[in-house]
Amino acid sequence: MTDSEQDLAEAQRRHWQNTYTDHPGMYGELPSAPAVHAAELFRAAGAKDVLELGAGHGRDALHFAREGFTVHATDLSATGLEQLRDAARAQGVDQQVTIATHDVRDPILLPDMSVDAVFAHMLLCMALSTKEIHPFSCVGIPGFRRCGKRISGLL
Ligand SMILES: C[S@@+](CC[C@H](N)C(=O)[O-])C[C@H]1O[C@@H](n2cnc3c(N)ncnc32)[C@H](O)[C@@H]1O
């Protein structure tokens, strides 16, 4: 990352930390429509383990967990992920959910074959360049699909 890209990344991280601190659970408890649709696709494809990028406070990760998937939820904001972790405990699905802070500009380190499906909602509209989005959205993901303007994928 160049210095100006690093500055932008840090400003984004601060923005989302402050946003989730000031507005806990801001997107509500109901899952997004794309997550409901994706869960159906994932189930039909026999997926069990879902990676969610930019999960925020977890309305969609929690839906996947309630639907019986295991979920690895990542986000730039540790505050959002703490809210996700607390909600997972309150809903009794914490055994199915793991969390990790992760900036999608960086490579994600996961063991090979450890996830069956990848989901991201309202992430690729963040301050990310085409160059940064392209590798994780298109390369090496057979069966990659777009759901409207939002993106989810099956590995
Ligand atoms: C519009 S919110 C959507 C949150 C969640 N997907 C949902 O639909 O409820 C965008 C999320 O992307 C995260 N985010 C923004 N830039 C990111 C980056 N570079 N890497 C990882 N997460 C990022 C933010 O922290 C925030 O949680």
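**Notes on the ligand shell and the helices**

1. Let's begin with the ligand. The residues of its shell split into 8 nonpolar, 7 polar and 5 charged. Keep in mind throughout that this is a predicted model.

2. Who sits around the ligand? There are 20 residues surrounding it, and W16, G54, G56, L76 and M122 are the closest. As for helices, α1 (3-22) and α3 (59-66) each give at least two residues to that shell.

3. Now the overall layout. The chain has 5 helices and 6 strands, and going along the sequence they come in the pattern α-α-β-α-β-α-β-β-α-β-β. Of the 155 residues, 35% count as buried. Looking at contacts in the chain with a separation of 6 or more, 70% of them come from residues 24 or more positions apart.

4. How do α2 and α3 pack? The axis of α2 (residues 33-44) comes within 10 Å of the α3 axis, and the two cross at roughly 30°. Since angles under 35 degrees count as roughly parallel, α2 is roughly parallel to α3. The crossing of this pair is right-handed.

5. Which residues make that contact? On the α2 side they are A35, V36 and A39, and these meet D60, H63 and F64 of α3. By type, the residues of the α2 and α3 contact come out as 4 nonpolar, 1 polar and 1 charged.

6. One more residue of α3 deserves a look: A65, which is found in that helix. Is A65 buried or exposed? A65 counts as buried because it has 24 C-beta neighbours inside 10 Å, and the cut-off for buried is 20 or more.

7. What does A65 touch? Leaving aside residues up to four places away in sequence, A65 is in contact with V71, A88, V93, Q96 and V97. For a sense of distance, take A65 and Q95: they are 30 residues apart in sequence, and their C-alpha atoms are 9.1 Å apart in space.

Key
Residues are numbered from 1 along each chain as its sequence is written. This is a predicted model: local features need pLDDT of at least 70, side-chain atom pairs count only at pLDDT 80 or more; totals for chains, interfaces and linings use all residues. A residue is near a molecule or strand if its C-beta atom, placed from the backbone, lies within 6 Å of it. Helices (H or I, at least four residues) and strands (E, at least two) are DSSP runs, numbered from the N terminus. Ala, Val, Leu, Ile, Met, Phe, Trp, Tyr, Cys and Pro count as nonpolar, Asp, Glu, Lys and Arg as charged, and the others, Gly among them, as polar. Axes are lines fitted to C-alpha atoms, for helices over the stretch in contact, and angles run from 0 to 180 degrees between N-to-C directions. Angles under 35 degrees count as roughly parallel, over 145 as roughly antiparallel, 65 to 115 as roughly perpendicular and the rest as oblique. A crossing is left-handed if the near helix is turned anticlockwise from the far one by less than a right angle, and right-handed if clockwise. Two residues are in contact if their C-beta atoms, placed from the backbone, lie within 7 Å. A residue is buried if 20 or more other C-beta atoms lie within 10 Å of its own, exposed if 12 or fewer, and partly exposed in between; C-beta atoms are placed from the backbone.
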